[in-house]
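Me: Please take a close look at the places where one chain touches another in this model, and tell me what each contact is made of. I would also like some background on the chains themselves, once the contacts have been described.

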Amino acid sequence: MTDHAVPSSGRHGPLAWLTSDSPTSRLQAKCVQIYLGWLGLARNPLAMLGLGIVVVLILAAIFAPLLAPADPIAQDLTRRLLPPGTPGFLLGSDELGRDIFSRLLYGARVTLYIVALVVITAPVFGLLIGTVAGYAGGWVDVVLMRMTDVFLAFPRLILALAFVAALGPGIENAVLAIALTSWPPYARIARAETLTIRNSDFIAAIRLQGASPLRIVVGHVMPLCISSVIVRVTLDMAGIILTAAGLGFLGLGAQPPLPEWGAMISTGRQFILDQWWVATVPGLAIFTVSLGFNLLGDGLRDALDPRSAR
Amino acid sequence: MSLTGTISGGRRAWLSSRSGILKLGRLLISLAVTLLGLLLITFLIGRVMPIDPVLAVVGERATNEVYEATRKAMGLDDPLIVQFWNYVTEVLTGNFGTSLLTSRPVIQDIARVFPATLELATVATIIGVSIGIPAGVIAAVHQGRWPDHLVRLLGLFGYSMPVFWLGLVGLLVFYGKLDWVAGPGRLDVFFEDVVPQVTGVILIDSLLAGDTEVFANALSHIILPASVLGYYSLAYVSRMTRSFMLEQLAQEYVTTARVKGLSEARVIWRHVLGNVMVPLITVIALSYANLLEGSVLTEIVFAWPGIGFYITNALLAADMNAVLGGTVVVGIVFIGLNLLSDVLYRFVDPRAR
Amino acid sequence: MIPKASAPLLEVEGLSVRFPTRTRVVEAVRNISFSVGREKVGIVGESGSGKTMTGRAVLGLIRPPGIVEARRMTFDGIDLRSLSEKQYRSIRGNRIAMVMQDPKFSLNPVMTVGRQIAEAYQVHTRASPSEAKRRTLEMLEAVRIRDPERVYGAYPHEVSGGMGQRIMIAMMLIPDPDLLIADEPTSALDVTVQMQVLAIVDDLVTSRGMGLMFVSHDLNLVASFCDRVVIMYAGQIVETCRASELHAAQHPYTRGLLASLPRVDQPKERLSTLTREESWKTEPGVDARVS
C-alpha cells in the first residue's frame with residue numbers, strides 16, 4: 001500500500017513526504033491520503049487480524065505447490081479417512097485418501113479465483129449502472145433503478161441457483177451467477193454518491209469546459225465513488241465466499257477433482273458422525289477466511305468513513 | 001405505548017385521504033412493475049439462457065412426441081414478446097408447468113413444500129429475535145465492556161459462518177454425540193402422516209389434533225435446524241438492535257426520563273426500546289426474508305422437505321419448470337416481505353403518518 | 001405572598017466536574033459554591049462555562065467517566081453526595097426537577113404526551129391510572145393549554161414548540177418538586193412564545209413556593225426574570241449579585257457582557273466587544289452562597 005517511488009530530492013525523508021500537510025503533486029496527495037488511511041486502519045487490532053488472515057490466504061494460494069506436502073488430487077484408497085495428526089496428513093485424509101491440508105491450500109486458489117473474478121465484474125458493472133443512473137436522471141434513472149430493484153428482489157443464492165440451472169454447473173458459470181446477483185448494492189451506492197456529487201460546482205465547471213457526459217461520469221464521478229465501493233467490496237467478500245461455498249456444497253461450483261472447500265464439505269458429509277474432520281476442517285477454512293474479510297472490511301469502513309465509527 | 005388505538009386511527013386516516021389512495025395506487029404500480037421484472041428474469045433464464053429450452057423442460061429421456069408437443073406448447077417460434085406475454089399470463093393463473101421429477105403441476109408441489117419452509121423460517125425468526133433483541137440491548141447498555149464485545153463477536157461469527165457447515169457441526173454434536181435432538185427430517189418415519197394435514201405446518205396441525213407425541217417429535221426435529229438458521233437471524237437482529245439502541249441512548253428524551261426519576265430498567269425497556277422497535281420491525285421482516293435464502297442450504301443438510309430442498313433437487317435433476325417456479329414463488333414472497341416491512345414502519349412510527 | 005428565601009434549599013460548596021479524555025482532562029466546573037433558596041436564581045454563562053453541567057451534577061446525572069466532587073452538596077438537609085442511585089431516583093422528579101431546552105428532542109416521540117406526564121406522577125405517588133390522568137389534565141390546564149383532553153392523546157410531534165415546552169413544564173411540576181432547574185428553557189422558542197412560557201414558569205414557581213435555578217446565556221432575560229444572578233465563565237463563578245444591582249457589577253466579564261448589549265436609550269457608534277482575559281480562568285471564583 002505504501003510502495004511507491006520517493007523523489008530523491010526530498011530533504012526530509014520518505015516519512016515526512018507521506019505526512020506532508022502541503023503536497024506538491026497529485027500523486028503525493030493521493031499517497032498521503034492512502035498513508036493516513038493505513039495508519040487509521042493499523043490502529044485497529046481486529047482489522048489487522050483480518051488483514052493478516054487475508055494475506056495468509058493469498059500467500060497460501062500463491063505458494064500452494066511449495067507448501068502442500070502432497071498432491072491434492074492424488075488418491076490413495078489404502079489411506080482413506082485418517083484422522084488429523086497422522087504423520088503425513090496434518091489435517092487428516094478424506095474418503096479417497098487425499099491429504100486434506102494440501103487440498104485446503106490448493107482450495108485457496110479456487111476461492112481466490114472465484115472471489116477475484118466476481119470482484120472484477122460485479123462492482124464495476126454496478127458502479128457503471130449506478131453512476132449512469134445517478135448522473136443521467138430522468139427515465140434512464142427510473143429504468144436502471146427498477147432493474148436493480150428487480151435483481152434485489154431475489155435472495156442471492158436462489159437466483160444464483162436459477163442461473164446455474166440454465167447455464168450448467170462449473171466454476172465459470174458459478175462466478176457468473178454470483179456476479180449477476182452481487183452487482184445491485186454497488187449500483188445503489190454509486191447512484192447515491194453520484195446524486196450528491198452531480199450538482200457540485202466542479203462538475204458544472206467541467207461541463208462548461210466542454211467535457212462530454214461520458215468523460216464526466218467515467219473520469220470524475222466514478223473515481224469519487226471508489227472508496228465507498230472498496231469498503232463495500234471488502235464487506236461483501238465474505239458473502240461471496242459463502243455463496244460460492246454454498247454452490248460448491250450443492251455440487252454446482254468447481255467440479256471434482258478441483259479441491260473447492262464447499263464441495264469438500266459436501267463429500268465429507270456422509271462421514272460427519274465418525275470421521276468428522278473431513279467435513280469440519282474445510283468449513284473452518286471458509287469460516288476463518290470470511291471472518292478475516294469481515295474484520296478487514298469493518299476496519300476499512302471505520303478508517304475511511306469516520307462518520308460510521310462507533 | 002398504545003399502538004392499537006393509534007394504528008387503527010392512523011390506518012383509517014391514511015386510507016380515507018385522497019393522497020392515501022394515490023400513494024396506494026403508486027405502490028401497487030411499483031409492485032406490479034417489480035413483479036414483471038422478476039418474471040422477465042425467470043423467463044430469460046428459462047427460455048433464452050439454455051441452449052435448448054425445450055430440452056431443459058422435458059429432460060433428456062423424453063420421447064420425440066413429448067419433445068415436439070412441448071415445443072409447440074411453448075410457442076418457441078413466436079416472437080419473444082408473445083412468448084413472454086404467454087408466460088406472464090400463465091404464471092398469474094398459477095400455471096408453472098409440470099415438474100419433470102414428480103410429473104405433477106409445479107404449483108401443487110410448491111403448495112405442498114412451502115409450509116415446511118415457513119415453519120422453519122418462523123421458528124428460526126422467533127429464536128433469533130427473542131435472543132437477538134435482548135442481546136443487542138445489553139450490548140448497547142454496556143457498550144465497550146465485555147457483554148458488548150461478546151455480542152458483537154457472536155454477531156460477527158454469524159456473518160462469517162457457512163450455514164450448511166454450522167448445520168453439519170450441529171448435527172454432529174447435538175445429534176451424533178449428545179443425542180439431545182432428533183436427526184434430519186421433519187418427523188420420525190413412525191409419525192409421518194399420523195395427524196391430518198390442515199395447514200401443512202406440523203407443529204400447528206399436531207396441536208390442532210391434540211396429538212402431543214407427534215408435536216414433541218416434530219419439535220425435536222425442528223429445534224436444531226431452526227436454531228442453526230436462527231443464529232443468522234440473531235446475528236443480524238442483535239447488530240441492528242445494538243446500533244439503534246446506541247443511537248437512541250444519545251437522545252435527550254432519555255435524560256428527561258431519568259430526570260423524572262424512572263428506574264434505569266424502565267428507561268431502557270419502556271422508553272428507549274419503544275423507539276428502537278420502530279426501525280426494528282423493518283429489520284425483523286427483512287431478517288425473515290433473508291432466512292428464506294439460508295433455508296435452502298439448511299434444508300439440504302437436514303433433509304427438510306421445504307422449498308429450498310425442492311428447488312435444489314429439481315436443479316440437480318435438470319427440472320427447469322420446477323426450478324423456475326420455485327424461484328418465482330420465493331421471489332414473490334421476498335418482495336412481499338420487503339413491502340410488508342415498509343408498510344409496518346409506517347404504521348408503527350407515529351411520526352410517519 | 002411567600003416570604004423571601006429563608007433557609008436555602010440547595011447548598012453547594014466546592015463543586016467540580018471533570019471529564020477525563022484520552023489526551024487530557026476537561027474541567028467543566030471548577031470549585032464553585034452557590035446556594036438556591038425559594039427564590040429565582042439565574043445562572044448566566046456562554047457555552048463552555050459549565051452552567052449546564054452544574055445542573056446535571058445537582059441531579060446526579062453525570063455518569064462515568066465524568067467525575068463529580070464537592071465539599072458539600074445538600075438539598076433540604078439531605079447530603080446528595082452520599083445518596084445511592086435508588087435514593088437519588090426518589091429525589092429526581094419528586095423534589096428536584098429539570099426542564100430542558102428543546103421539547104422536540106426532550107419528549108419521547110413514540111409516547112403520547114398524556115402518558116408521559118402521567119408517568120411522571122405515577123412513579124412517585126403510585127396513583128391509579130385514572131387518578132394520574134385526572135391530575136395530568138389539571139396540570140395541562142395549569143400551564144394554560146386550552147384543550148387538555150386532545151393534547152393528552154397527542155404525540156410530541158403534533159404540538160408546537162411553545163406547547164411542547166409547556167407540556168415539559170407540566171411533566172416536571174406534576175410531582176410537586178421543591179426545586180426546578182430550567183436549562184435554557186426558552187432558547188428554542190420564538191421570542192413571542194418565550195414570554196408566555198416564562199410567565200407560566202414564574203406563576204407556577206411563585207405560587208408553589210419553589211426554588212428556581214434558571215440556566216441561560218441571555219443576561220438580559222435572566223436579569224429581568226430572576227431575583228439573583230450568578231455569572232459563570234470557564235467553569236467558575238466570577239460574579240454574583242442581586243438582579244436589581246446588576247448595573248453595578250464589578251467583574252470585567254460581567255461589565256463586558258452588559259456593555260455589549262445594544263440599548264435603545266443609549267445608542268452608540270460601535271458596540272463594544274468582550275475581550276476575555278486569561279487571568280479570569282485562574283483567579284479564584286466567587287462564593288455565591290446566601291446564608
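Reply: In this predicted model, about 4,000 Å² is buried between chain A and chain B, and carbon and sulfur atoms account for 79% of that area. The contact draws on 42 residues of chain A and 43 residues of chain B, and of the 2 pairs of chains in contact, chains A and B share the most contacts.

On the side of chain A that touches chain B, at least two residues come from each of helix H6 (138-152), helix H7 (156-167), helix H11 (213-249) and helix H13 (277-304) of chain A. When the residues on that side of chain A are sorted by class, 32 are nonpolar, 5 are polar and 5 are charged.

The second contact joins chain B and chain C, with 22 residues from chain B and 28 residues from chain C taking part. About 2,400 Å² is buried between these two chains, and 58% of that area comes from carbon and sulfur atoms. On the chain B side, the residues that lose the most area to chain C are Glu252(B), Val259(B) and Lys260(B), which together make up 28% of what that side buries.

Between chain B and chain C the count is 3 salt bridges, and one of the salt bridges of the model is that between the side chains of Arg266(B) and Glu119(C), with an N to O distance of 2.7 Å. The polar contacts between chain B and chain C come to 11 residue pairs, again with both residues at pLDDT 80 or more. By class, the side of chain B that touches chain C is made of 6 nonpolar, 9 polar and 7 charged residues.

What remains is the pair formed by chain A and chain C, which no contact joins, their closest C-alpha atoms being 15 Å apart.

Turning to the background, chain A has 13 helices and 0 strands, and its C-alpha atoms fill a box of roughly 75 × 55 × 35 Å along the principal axes. Of the 310 residues in chain A, 49% are buried. Among the contacts in chain A with a separation of 6 or more, 68% are between residues 24 or more positions apart.

Strand E1 (residues 10-20) and strand E5 (residues 72-75) of chain C run antiparallel and are joined by 4 bridges, and Val12(C) has Met73(C) as its bridge partner in E5(C). E5(C) also pairs with strand E6 (residues 78-79) of chain C, in the antiparallel sense and over 2 bridges, with Phe75(C) standing opposite Ile78(C) in E6(C). E5(C) and E6(C) form a hairpin with 2 residues between them, and in the turn Asp76(C) has a positive phi of about 50°.

One further site in chain C deserves a description, namely Glu184(C), which lies in the loop between strand E8 (179-183) and helix H8 (191-208) of chain C. Glu184(C) counts as buried because its relative accessible area of 8% is under the 20% cut-off. The side chain of Glu184(C) makes a polar contact of 2.6 Å with the side chain of Ser187(C), and a polar contact of 2.8 Å joins the side chain of Glu184(C) to that of His217(C). Leaving aside residues up to four places away in sequence, Glu184(C) touches Lys51(C), Gln101(C), Val215(C), Ser216(C) and His217(C).

Key. Residues numbered from 1 in each chain as written. Chains lettered and ligands numbered in written order. Predicted model: local features only at pLDDT ≥ 70, side-chain atom pairs only at ≥ 80, totals over all residues. Heavy atoms only, no water. Contact = heavy atoms within 4.5 Å. Buried area = accessible area lost by both parts, 1.4 Å probe. Nonpolar A, V, L, I, M, F, W, Y, C, P; charged D, E, K, R; others polar. Salt bridge = Lys/Arg side-chain N within 4 Å of Asp/Glu carboxyl O. Polar contact = N/O pair within 3.5 Å; in protein donor to acceptor, adjacent residues only side chain to side chain. Buried < 20%, exposed > 50% of the residue type's maximum accessible area, 1.4 Å probe, protein only. Pairing = 2+ DSSP bridges.
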